[in-house]
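These are my notes on one structure.

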Amino acid sequence: MAPAEEMYTAMVNRSIRTIKAELEYLCDASVVSPQTLNDLLSKIPPQTALHAPLSVGAVPSASPAVGAPQPPGEPFNLNHTQNNGHHNERSDHVYNPTPSPQPPPPAYNSPAPAANWPALCTATALYAYTSTDAGDLELQPNDHITVTEYMNAEWWKGRSSRTGQEGIFPRSYVKVTDEKGAQPSPAAPNYNNNYGNAPLETSQMGNGEGKVPGKGQEMGKKFGKKLGNAAIFGAGATIGSNIMPANCLPACFFMCCAPAPAHRLRCASAYLPASSPKLYIHPLLRDNFPSAAFVNTSSFFLQLFSILVINLLLVSRRQPYLTSSRSMSSQHSDASRTTHSESQHAPLELDPYAAPSVYYGVSHSNRKMAKSRTYSAVDPGFNKVGEKPFKAPARRTSADVHSGNVQRRYLIDVDDTLKTLLAREDTDHNIQITIEDSGPKTLELGTASSGGYKRFDVRGNYMLSNLLQELTLAKKYGRRQIVLDESRLNENPVNRMARLIKDQFWPNLTRRIDGSNIAAVGRDPKDWTSDPRPRIYIPPGAPEQHAYYTRIAREHPSMRLDVQWLKEGAADDDEYVRDLNSAPGLLAIEMEQVEDTPEGEPDFKGLPFVVPGGRFNELYGWDSYMETLGLLVCDRVDLCEPMVKHFCFCIRHYGKILNANRSYYLRRSQPPFLTDMALRVYDRIKHRPDSLEFLRRAMLAAIKDYYSTWMSKPRYDPESGLSRYVPGGLGVPPETEATHFVHVLTPYAKKHNMTFNDFVHAYNYGHVFEPELDEYFLHDRAVRESGHDTSYRLEKVAAHLATVDLNSCLYKYEVDIARTIRAFFGDKLQIPEEWRLPGHPEFEVSSVWDRRAKKRRQLMDKLMWDEEEGMFFDYNTVKKEQTGYESATTFWAMWAGACTPRQAAVMVQKALPKFEVHGGLVSGTEKSRGPVGVHRPNRQWDYPFGWAPQQILAWTGFLRYGFEEEAQRLCYRWIYMCTKAFVDFNGVVVEKYDVTRQVDPHKVEAEYGNQGGDFKGVATEGFGWVNASYCYALQIVNAHMKRALGAVTPWDTFKKMTEAAEDAVDFRENLHTQQVQAHTPAPVQQVQAPTPAPAQQIQAHAPAPVQQVQAHDPAPAQQIQAHAPAPVQQVQAQTPAPAQQVQAQTPAPAQQVQAQTPAPAQQVQAQTPAPAQQVQVQTPAPVQSAEAHHAGVGNAHNDVNLGTKA
């Protein structure tokens, strides 16, 4: 073929390849279907051969001898089409043709003389191999072969003991029997992913004469080896960077790399794409090197140099198409988040810690990555990508040479690796890898930079469980192959858990209710009727929602959606709510109007909210508040604001914040947290013009909830002046199966000579009367309304108890409403008619709410506080006495600011040691719970279990009163326990923990078990308030603690380490020896703080026996500022004495009171909404300030500093 004709043919071939590549891209981008692609490809003519092939594939494969065992098939090529190294093709794009097994390397015309090379190993032939070329070694089963050279991963050279002949043979036809030298790593599957293979080891090749090379020849061979490797690098980069298509790469590049006999060119076949049936000489080089024999000529080095020059010229001509590899850095950096294209392309330097939807979605989409991840071997000055600054990659070296902190990347076949991993490591077959599994705890993975050839061990339970999680996620996103950053496997566990909560758990717990999903969420799993169907009840005040859902039901009749009006006043009608149990359904919540339908009808969209766990679809009460605390830390105000709006909708139309928005919850509420929740959200959106209206609506809803729910009978007890959990309802609670109470109801069924089901129906509808059962279910419903279901603290007595937790929440309501009215609404808030209850004023003023707060605080101090025990107890309004049950709810008074500073100090001294255990705070003491057994089982809100809400409110309370060390210690214990379970048990995050167990705290033995632990492969939701508590606690602990937690260091170990460091260097030597911390648990010492003129500053006096208020700080003077709404502000302490005193805990009679703050000039502010003033200590980050006027933890915890606005 003439050169001009060859050039023409080469250009045509290139065009054909380009068309095929573009068609494949259209298929990957879902523009055309795979079937259409196959049709189009079948109509494109095949490429034309430029000249006769170099016999690769020309000689038919050797056939095994008759009767001999059949040899194994060649490895299946997972990626045959020219896909530019995309090893993450979607499973639905399977249009690659199935390859035929590759033939053995070509034979040559003359045999090569035997070389006296040392034996590397001996092997035994497994199959017969018939030699068709003089250079091949004929094999028969059980032949003994002395292996003298490892030519590549597929072909070896050796000497047969039977025939004495030497030649090359397939590695897969023999079995090694005696190792004499290092073998190459096992051959990896041919992924054809452009990563290439290791350079040819020319030092292992003979000199073609069968002689031992001389010194001069050896030196020449070393030089040739370097040039040969350089040529291979250049050729690999040419292929890998897509500068030149692989099947057009000059064959001379491979030929010139082996200064050896021609049959050695068989080694070079490993570098050719498996999909290329023939090897061609590029037309630009064919005239210079017409045959393979040139490698033995004396002008070898000159010819090699010419080839390298031509290679560089080709690279320079194609340099606009070069792309750089994405960075392999494991660090979070801004550069790793820079996208290659703002449209559809994923970033070239993708964050290895990106969310799964990005990491396995965008980053592994077909043709959305750089076409190669191998580094180019050319001048980095050419590697310009658009106008973005170019970061030159490191010099390309052999596969997987690592330096510094560069993390590996693994090339993984998802299904195969997942199957192998589970078979090896999941010995208990629960699709989790935990410390209870007895597998080898190690697995080999191939690296991406070597195309899976180089393999490294992934070791340890944590890394293997992370691998299982990542593979499960990749499979969920439809990936068949992935490139996995090692940094996702050995990630700091604290960072990993926090990242999963933010990027994965919150999105997976997010719900909305509208026509798009009403068929699924509207069907109640607790609907045990004969015809379960999706059903929704609309309150009379929301006609637009009734019209919307009616249209949805009309347009989708197959949905069988039942849209019902809710009766006016339904939330107060026990019999009506009971009758709804025969047709349970959802209760409508807030929606937003969107663009009208094409027919011009109003259209709506449900506002999002976060559910407690993955199996829930309803909006829950106090769970939502706890989740808000963590969501705000994660900057998800877009989820917090809608939940406040949902609560406002519920209060307006149903009269209360519901336990959940199901019809059987209409008579039941939950602990009220709306004011604190709304203030925290407002602090994040106060820059918006509608923020004040948001706050106004939330306060109007809270005021209505306060009046209609908690200050009305039967919940309000007029005799004590306190409130109780007393929900309405008749019969057996419908959200539980009747069999849940079989032990209670069976004796009564026998008494009335009725079957169990008949008795339940008769009792629910009043056909039989059992006052004892009425009393039992009254308390049972009260327990469920409290959120603490179940606990021996409340069992059979809950409706009679004025609990510490409820009255602390109501005190917080009163204080927040008073300060909000005063600070934001000019001390006068008008109540619109739709929010006003009969008999209540049209305007609300702060002074009324201040008096209510003061009164409740006095009643709690009188009826609930026990000075001797140092804690608050629930008050039985029937027996008119304290219960004496020790519960962690005592710390809710600190969260709300309902206790005095002295009471707070006493609680820290006396109560805290009773509740603090290995994993944080236990819900109640073992002493109060009493013995448990078969007939008295454990209750989940009692000892030894700990719950996230108890931890969160206690931390905030301690910070509020200045007990920072205690708050940090409790946070540390909780984070450690959660992290330890997360590391050891496949990333588990559950609803509650046994805080006394050190090994497996997530295993809870209680009546409801535990939510969040039953998952396969990867936990995708966690549990709402545990997720929130983890994020919230990380804002309280300091950096030193975070580092220790990342190493999963127990608190006792961390304490010993830090105490030893403090003993070595005493940082307090320069301070006055008489100073003590204000929060030191010790006998009560009273200190009178004078209340000066409006300047309200108490200057620290010189050291004297009279106590002073000073700080552990270089500043010589510490000031205490008191802010109060009155014109003349005073600092008052909550004490029964007529003259208010500030009491400080000091260990000696003549000690000084100090406020420990790291800032040079830290002030202690006392926010006082009423004559009963409070003392607060503000502390800067990382432990944010705890202000007495709010339950937050500084601005970082979204507090609203109302005192500065008054």
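**Entry 1**

I began with a bridge: Val 147 has Gly 158 in S3 as its bridge partner. This is a predicted model, in which I take local features only at pLDDT of at least 70 and side-chain atom pairs only at pLDDT 80 or more, while totals for chains, interfaces and linings use all residues. I number residues from 1 along each chain as its sequence is written, and side-chain values use heavy atoms, with hydrogens and water left out.

I take strands (E, at least two residues) and helices (H or I, at least four) as DSSP runs, numbered from the N terminus. Two strands count as paired if DSSP finds at least two bridges between them. Strand S2 (residues 144–150) pairs with S3 in the antiparallel sense over five bridges. The two form a hairpin with four residues between them.

S3 covers residues 155–160, and five of its six residues are buried. Buried means under 20% relative accessible area, exposed means over 50%, and partly exposed lies in between (1.4 Å probe, protein chains only).

On its other pairing, S3 meets strand S4 (residues 166–170), again antiparallel and over five bridges. Trp 156 stands opposite Phe 169 in S4. The hairpin of S3 and S4 has five residues between the strands, and there Gly 164 takes a positive phi near 75 degrees.

**Entry 1: helix H24**

I checked the length of H24 (residues 901–915) next.

Where is the kink in H24 centred? It is centred on Val 908 and is about 40 degrees. The bend at a residue is the angle between axes fitted to the seven residues ending there and the seven starting there. Val 908 is also among the buried residues of H24, which include Arg 902, Met 907, Leu 912 and Phe 915.

**Entry 2: salt bridges**

I counted a salt bridge where a side-chain nitrogen of Lys or Arg is within 4 Å of a carboxyl oxygen of Asp or Glu. The structure holds 53 of them.

Glu 491 and Arg 496 form one, at 3.8 Å from N to O. Glu 491 counts as buried because its relative accessibility is 4%, and Arg 496 counts as buried at 1%.

Lys 686 and Asp 683 form another, at 2.9 Å. Here Lys 686 is partly exposed at 43%, whereas Asp 683 is buried at 13%.

Asp 1000 bridges to Arg 997, with the closest N and O atoms 2.9 Å apart. Asp 1000 is buried at 11%, and Arg 997 is partly exposed at 28%. I also noted one network of salt bridges that share partners, joining Glu 470, Arg 488, Glu 491, Arg 496 and Arg 499.

**Entry 3: Cys 648**

Cys 648 lies in helix H15 (residues 637–654). Is Cys 648 buried or exposed? It is buried, because its relative accessible area is 3%.

I counted a contact where heavy atoms are within 4.5 Å. Beyond its neighbours within four places in sequence, Cys 648 is in contact with Arg 697, Ala 698, Ala 701 and Trp 835. Met 699 is 51 residues away along the chain, and its C-alpha atom is 9.0 Å from that of Cys 648.

**Entry 4: confidence**

I last looked up pLDDT, the predictor's confidence in each residue, from 0 to 100. The protein averages 74, and 64% of the residues score at least 70. Over residues 181–298 the pLDDT is below 50, and this stretch has 265 contacts in the model beyond near neighbours in sequence.
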